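Subject: Structure handover

Hi,

Here is the structure I promised to pass on. Please open it first, then read my notes below with the model beside you.

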Amino acid sequence: MFQCLHTMLFLSVLVAFAACDAPPVPLDDIIIEKTFVPEQCLRAVKVGDYVRYHYNGMFPDGKKFDSSYDRSSTYNVFVGKKQLIEGMDKGLVGMCVNERRLVKIPPQLAYGKRGYADIIPPDSILHFDVLLLDVWSPEDGVQINTYHTPSICSRKVEVSDYVRYHYNGTLLDGTLFDSSHTRMRTYDTYVGIGWLIAGMDQGLLGMCVGEKRIITMPPSLGYGENGDGSDIPGQASLVFDVVLLDLHNPKDGIAVTNQVVPESCTRKTIAGDFVRYHYNGSLLDGTFFDSSYSRNRTYDTYVGRGYVIAGMDEGLIGVCVGERRTITIPPHLAYGEEGTGSKIPGSAVLVFEVHIIDFHNPSDSTEVTVNYKPEECSKATKKGDFVKYHYNASLMDGTSIDSTYAYGKTYNIVLGANQVVPGMEDGLLDMCVGEKRHIVIPPHLGYGERGVTDEVPGSAVLVFDVELIDLEEGLPEGYMFIWNEDVSPDLFSEMDKNKDDQVEPSEFTDYIMRQVNEGKGRLAPGFDPYRIIDNMFSNQDRNGDGKITEAEFKLKADEAAAHDEL
């Protein structure tokens, strides 16, 4: 029994040694071990597909006999078309991009009894550590996956359109080869006329501004067999993650969309008008670049005269005060291929949200509308009259400026004495007490280009709703004092109270004021009476010695030239 046991142990040792030196156990078929499987697999290798992969070729003992990594080049081949050893043809089927497999291939599915030159001995089992990088089929076209669609899409990319877009370009395994984002500049080009690789030409068609899509293309629609000689290898599928920012056609004109049109519009802008408007300016993708609101000041300009970009010149024609409109301007009617530097990129479509505040024409005069006129009107206003009136003042957009009602007292002026703006002078003429008027005054007859600080903007049209409360008739033009009765022939001696043959200022003032108080004479209304009398005295005191002699003293009727005097 001992002998038998010893013999058995000896035989076991022999078997063990024999097992160490024996060749690997033959395989009936390939064995696949998946060492890494990606979370997503959009496509698996099928017979007839073209693949790009890296591999390490090893014997079962781990000795390497070949490697694509050593050549710094993937292995590129059709699967299932006998361009590979049979075991590899089978081992690649079903693989996903970025999947890693260890494919064990028996000799009969590899190089068999002949082996391969001095590299692979006969009857060798081969192990291939495979990483799949790319797969496509000759029948493949462009694949589009839209993952964001804007809620509003008024227009889609068509052949010959000019687009601006951002992109990340990767290989199918995710390797980044290019990005417009890293250059911080969009890619700008025509679509569908051969300026792009064929796959991108096709993939951009039908996009909306703001849309995001993944465009995948086979090498036949990308850079083909040779790649780009740098970052894109030959026979590589390409993946572009694209966001469209801008779209126009060279044939485009401006597009105008009315947002708010006032019910009453008695007048629309024409070429040559001066317009005040607010705006927000943005690019087609919504990127803001400028706003008059942020400056708290309207943009003021002539329209139709080349003072603004051509598209705005056109877009501001035919608008009403209070109107809001969206003006979309293609680059050839805006800032062209160059843009304006940091704010407006080259070849950018511009979108202006415009609100018209007011407009006028340099040839405009004061516009008067009579809202109410009393049936009886014995006298109407004229130059020289002293008038008292109430008003509400506003801008054309309705913004209130001032109101006498808020102060509880009328505004009092002498017409023709330059005490109000010229437009108001015009608007108050030939008006009856109790009459109500709507007066529109263009800026050149109002407060002009400068306006009034913190009250009236520059170049603003003014609107006054006026009610005439009282009227005191003025004196004839050129007179500051008139006699209601015949002039005394002893006028000088009556003034010369102390009979020293000269009239002093106090004597002159006392005399004139007495005539006024007794109703014998009248001073021009609306002025300080003592200032008028001082002026009258100065005109009579011809030598300026502070006294009037009889030789100096003359009546108005005796003067060759007109003076504000007796």
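**Disulfides**

Count the bonded cysteines along the chain, and the disulfides follow the pattern 1-2, 3-4, 5-6, 7-8. The structure holds four disulfides. Keep in mind that this is a predicted model.

Start with Cys153 and Cys208. A disulfide joins them, with 2.0 Å from S to S. The link is left-handed, at -90° about the S-S bond. Cys153 sits in the loop between β7 (143–148) and β8 (162–171), and Cys208 in the loop between α5 and β11 (212–217), so the bond ties together parts that are 55 residues apart in sequence. Are the two cysteines buried or exposed? Cys153 is partly exposed, because its relative accessible area is 30%. Cys208 has a relative accessible area of 4%, so it is buried.

Next come Cys265 and Cys320. Their sulfur atoms are 1.9 Å apart and form a disulfide. This link is left-handed, with -95° about the S-S bond. It connects distant parts of the chain, 55 residues apart: Cys265 is in the loop between β13 (255–260) and β14 (274–283), and Cys320 is in the loop between α6 (310–315) and β17 (324–329). Cys265 is partly exposed, at 28% relative accessible area. Cys320 is buried, at 2%.

Then look at Cys377 and Cys432. A disulfide joins this pair, S to S 1.8 Å. The torsion about the S-S bond is about -95°, so the disulfide is left-handed. Cys377 lies in the loop between β19 (367–372) and β20 (386–395), and Cys432 in the loop between α7 (422–428) and β23 (436–441), so parts 55 residues apart in sequence are tied together. Cys377 counts as partly exposed, because its relative accessibility is 35%. Cys432 is buried, with a relative accessible area of 2%.

**Domains**

The chain divides into domain 1 (31–136), domain 2 (143–248), domain 3 (255–360), domain 4 (367–472) and domain 5 (481–559). How far apart are the centres of domain 2 and domain 5? Taken over C-alpha atoms, 95 Å separate them.

UniProt, in an unreviewed entry, places the feature "domain: EF-hand" at residues 483–518 and 528–563. Over residues 483–518 the chain is 50% helix and 8% strand. The end C-alpha atoms of that stretch are 11 Å apart.

**The largest nonpolar core**

In soluble globular proteins, nonpolar side chains tend to be buried together. Which residues touch the most other members of the largest nonpolar core? They are Val51, Tyr53, Met88, Leu92, Ile105, Phe128 and Val130, out of 25 residues in that core. At least two core residues come from each of β2 (50–58), α3 (86–92), β5 (100–105) and β6 (126–136). β6 gives the most, with five residues.

Zoom in on Leu92. Leaving out residues up to four places away in sequence, Leu92 touches Val45, Val51, Tyr53, Val79, Leu84, Arg101 and Val130.

**Leu196, a buried loop residue**

Where is Leu196? Leu196 is in the loop between β10 (187–190) and α5 (198–203). Its relative accessibility is 14%, and buried means under 20%, so Leu196 counts as buried. Its contacts are Tyr165, Tyr187, Thr189, Tyr190, Asp201 and Leu204, not counting residues up to four places away in sequence. Leu196 and Gly222 are 26 residues apart in sequence, and their C-alpha atoms are 9.3 Å apart in space.

Most residues other than glycine have a negative phi. Two residues are worth a look here.

Ser459 is not a glycine, yet its phi is positive, about 60°. Ser459 lies in the loop between β23 and β24 (462–472). Is Ser459 buried or exposed? Ser459 is buried, because its relative accessible area is 7%.

Lys499 is not a glycine either, and its phi is positive at about 55°. Find Lys499 in the loop between α8 (491–495) and β26 (502–503). Lys499 has a relative accessible area of 55%, and exposed means over 50%, so Lys499 is exposed.

Best wishes

Key: Residues are numbered from 1 along each chain as its sequence is written. This is a predicted model: local features need pLDDT of at least 70, side-chain atom pairs count only at pLDDT 80 or more; totals for chains, interfaces and linings use all residues. Side-chain values use heavy atoms; hydrogens and water are left out. Domain bounds come from an automatic or database domain assignment. Helices (H or I, at least four residues) and strands (E, at least two) are DSSP runs, numbered from the N terminus. Buried means under 20% relative accessible area, exposed over 50%, partly exposed in between (1.4 Å probe, protein chains only). Contact means heavy atoms within 4.5 Å. A disulfide is a pair of cysteine sulfur atoms within 2.5 Å. UniProt positions are given in the numbering used here, feature names are shortened, and annotations may be inferred rather than shown by experiment. A nonpolar core is a set of buried Ala, Val, Leu, Ile, Met, Phe, Trp, Tyr and Cys residues joined through side-chain atoms within 4.5 Å.
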